[in-house]
Amino acid sequence: MTAIKHALQRDIFTPNDERLLSIVNVCKAGKKKRNCFLCATVTTERPVQVNVVKVKKSDKGDFYKRQTAWALRDLAIVDAKDAVKESPEFDLHFDKVYKWVASSTVEKNTFISCIWKLNQRYLRKKIDFINVSSQLLEESVPSGENQSVAGGDEEAVDEYQELNAREEQDIEIMMEGCEYAIANAEAFAEKLSRELQVLDGANIQSIMASEKQVNILMKLLDEALKEVDQIELKLSSYEEMLQSVKEQMDQISESNHLIHLSNTNNVKLLSEIEFLVNHMDLAKGHIKALQEGDLTSSRGIEACTNAADALLQCMNVALRPGHDMLHAVKQQQQRFSDLREQFARRLASHLNSVFVQQGHDQSSTLAQHSAELTLPNHHPFHRDLLRYAKLMEWLKNTDYGKYEGLTKNYMDYLSRLYEREIKDFFEVAKIKMTGTTREGKKFATLPRKESAVKQETESLHGSSGKLTGSTSSLNKLSVQSSGNRRSQSSSLLDMGNMSASDLDVADRTKFDKIFEQVLSELEPLCLAEQDFISKFFKLQQHQSTSGTTSEVEEVDGVALSRSYTSGVPQTVSSEKDMIRQMMTKIFRCIEPELNNLIALGDKIDSFNSLYMLVKMSHHVWTAQNVDPASFLSTTLGNVLVTVKRNFDKCISNQMKQMDEVKISKKSKVGILPFVAEFEEFAALAESIFKNAERRGDLDKAYIKLIRAVFDSVEKVANESQKTPRDVVMMENFHHIFATLSRLKISCLEAEKKEAKQKYTDHLQSYVIYSLGQPLEKLNHFFEGVEARVAQGIREEEVSYQLAFNKQELRKVIKEYPGKEVKKGLDNLYKKVDKHLCEEENLLQVVWHSMQDEFIRQYKHFEGLIARCYPGSGITMEFTIQDILDYCSSIAQSH
């Protein structure tokens, strides 16, 4: 172990200016026995640093390397496991517990003893040694300049001590003087022994020579001791003399302490009294204002407000510990409570009276608004009540029960007042929509199927084929000629020279203006009342509730905002909710009245749902931008759902009526009513939805309607008996294409192209079918010629066939002189004229297409004659120019 210790000192610690004091061979408890050394070291420089170093043998050689070092000051506990029974195990508690097993108990005990000595000498913080034998822990640590760092027994611990520089120098000088000592160590040792004896003898002689001086020194010491005894006697007498003075001074000091304590207590008592007087004393003027203050005048309200604030400050003062035990404080607090209760009762009673009085005063102004579509202005009422806003805040903070009672009374009075105003307002709106008087309003909701007199009274004008909800009679329509429809439509014109369409537009425009005015009157009314409630009752409109999230829910395609707290619908947990609940109770009649008005508008004309959807969407969008969770936003959002459903119902009814349409078997079809009505609907919708927020709803409706129109046109064309299918398809899809081209509806571009394609296809089909083979025998002849060519006969050899020789060809051509051709074309023109309707004006287009098809056939025949009968000189008895002249003459004659 000594050799290892010397090696470690030399290789590891000397280069780091450290001294190795103790070493123990250990391994970790519970693991494979990989031995290492724990070393206790100190630095040679000051201040001295004490460390416990873990040294491990390198895997690549026989040298040792420093692995881990802990400062001894970080060591908290040394646990030797057992103080009685010898055990090699011990624990060191640094930042964590390190469990070790020493190679021997002796090494463990020596190491722990060294740690204890180092702790006693260098550390202020003492380490806890538990389960350590008391014999290892000495009570004191020797000290002195010649002692080593670890105490008096350090030489025993450290068996090897290196020479210092001076010792090395002295030895070198001595060795130089005795060179022979290198060859004869015994002679050198003998010489040193003789010199040491000479030095010892000199020392003894010196001591014996100084005996006289020692005796003199001892005598002087005896005399000094006598002087000390005399001084002690004098000091004892002085102490006895001062004892009485000390007692007197103690009494004086105690008296001064009591006086100082008394003064301190008086100052503190004065401070407490001043605190109570300054903070719990209410001025007489404030008391008088609370008891007798005038709550009707502005000056009196201001005085009461100041007094109430002062009273609240006195009641809310933060008393110091013990103040509440004072009788005077209890009396003052009771007095304040009585004043608060008395004033709160007086204030609540006065405000209830104001609510009732203002309600009566407001009711008296309803008569002047009965004939106008305006709502009474509540601004004067709000202005008068806002003078009490600060008092309401005081009441909310001091007596919430009375504050809540006032809130309920206000809602009760105002809900009845607003209900009367709003119902009268909506009655006026309904009268203006239907054009009746109050006495005649019972006719307002009658359907248009009643007598013409009632129709004029209600101003519910319509046309024979209009898709107008409950007034539409499309399901009873039959396909009629244009003349019949014009005569039927003209029979409904009851007002001057206006057409039915003009009357519809006028009625719808009037309805749109009335509906917009209704919403424009309701919005400022609700916003003003909500603003007043928040200011008067001191409720925060835009308070953000913690844990509150906002969700957007879509109902019938209408986006509505909902508020949630932790995933659960909010209850009355915030002032914002309280405002919404108050508004809901005060204006509880708005939503049903709006729904009734919407139902009336829908009954008058289902196209009104387009106006209502645009207007309501705009107002909902505006309200949600201000506050998505407000009463106005929620109410208008709910009504918007109803409007959207009516709009969807209007579209569904039109589609249903298209599906149920019946056609006449005796008259030609022409432009189908629902095709013309889709044009009217689209033109109206485009004018209404221009720059509207709900354009997407209209686009969806367009897609549904146009598909229904396409399907219904196909259905009617297939069922038509009087008019050819191609004519029905051609005319109606031409009308649809023209409508979509004129209106330029972006979402129907694909349908516009489809309509054009269908029109073109059916025009070509009709032309080919109607024209047929006007030169039938000639056509059969050339079909035979083409058949021979197809069988392999060369074209120039066809004329040698008996059935298709030149003589046969001339015979067939002679049967179709120009006169006969013109007669056949004239009959064809009359037939086409019977099929086509006048509204679409496609006769000339069809006739021109037939002319082109006839010329194409003529050119085909001429080509076959030129190829199969070359040089024969055979030609048709009429030319292409003759065909053009025939067609032009026939068209002009009709």
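In which strand is the place of Val 26? Val 26 belongs to strand β1, which covers residues 18-28; strands (E, at least two residues) and helices (H or I, at least four) are DSSP runs, numbered from the N terminus. The structure is a predicted model, in which local features need pLDDT of at least 70 and side-chain atom pairs count only at pLDDT 80 or more, while totals for chains, interfaces and linings use all residues. Residues are numbered from 1 along each chain as its sequence is written, and side-chain values use heavy atoms, with hydrogens and water left out.

Val 26 is buried, its relative accessible area being 1%; buried denotes under 20% relative accessible area, exposed over 50%, and partly exposed the range in between (1.4 Å probe, protein chains only). Although Val 26 and Phe 90 are 64 residues apart along the chain, a distance of 9.9 Å separates their C-alpha atoms.

Side chains of opposite charge can pair when their charged atoms come close. In the whole structure, 25 salt bridges were found, a salt bridge being a side-chain nitrogen of Lys or Arg within 4 Å of a carboxyl oxygen of Asp or Glu. One of these joins Asp 91 to Lys 81, with an N to O distance of 2.6 Å. Asp 91 is placed in strand β6 (residues 89-93) and Lys 81 in the loop between β5 (77-79) and β6, so this pair ties together parts that are 10 residues apart in sequence. Asp 91 is buried at 3% relative accessible area, whereas Lys 81 is partly exposed at 32%. Lys 81 also shows a positive phi of about 75°, although this residue is not a glycine.

A second pair, Glu 419 and Lys 423, has its closest N and O atoms 3.1 Å apart. Both residues lie in helix α12 (residues 400-434), and because they are 4 residues apart, about one helical turn separates them. Glu 419 is partly exposed, with 22% relative accessibility, and Lys 423 is partly exposed with 36%.

Two packed helices are described by the angle between their axes and the distance between the axes. Helix α21 (residues 695-719) packs against helix α22 (residues 725-743) at about 160°, and the axes are 8 Å apart. The arrangement of α21 and α22 is therefore roughly antiparallel. Axes are lines fitted to C-alpha atoms, for helices over the stretch in contact, and angles run from 0 to 180 degrees between N-to-C directions. Angles under 35 degrees count as roughly parallel, over 145 as roughly antiparallel, 65 to 115 as roughly perpendicular and the rest as oblique.

Two loop features concern the backbone. The peptide bond from Arg 46 to Pro 47 is cis, with omega near 0°, and Pro 47 lies in the loop between β2 (36-43) and β3 (50-57). Asn 131, a residue other than glycine, has a positive phi near 60° and is located in the loop between β8 (128-130) and α3 (154-157).
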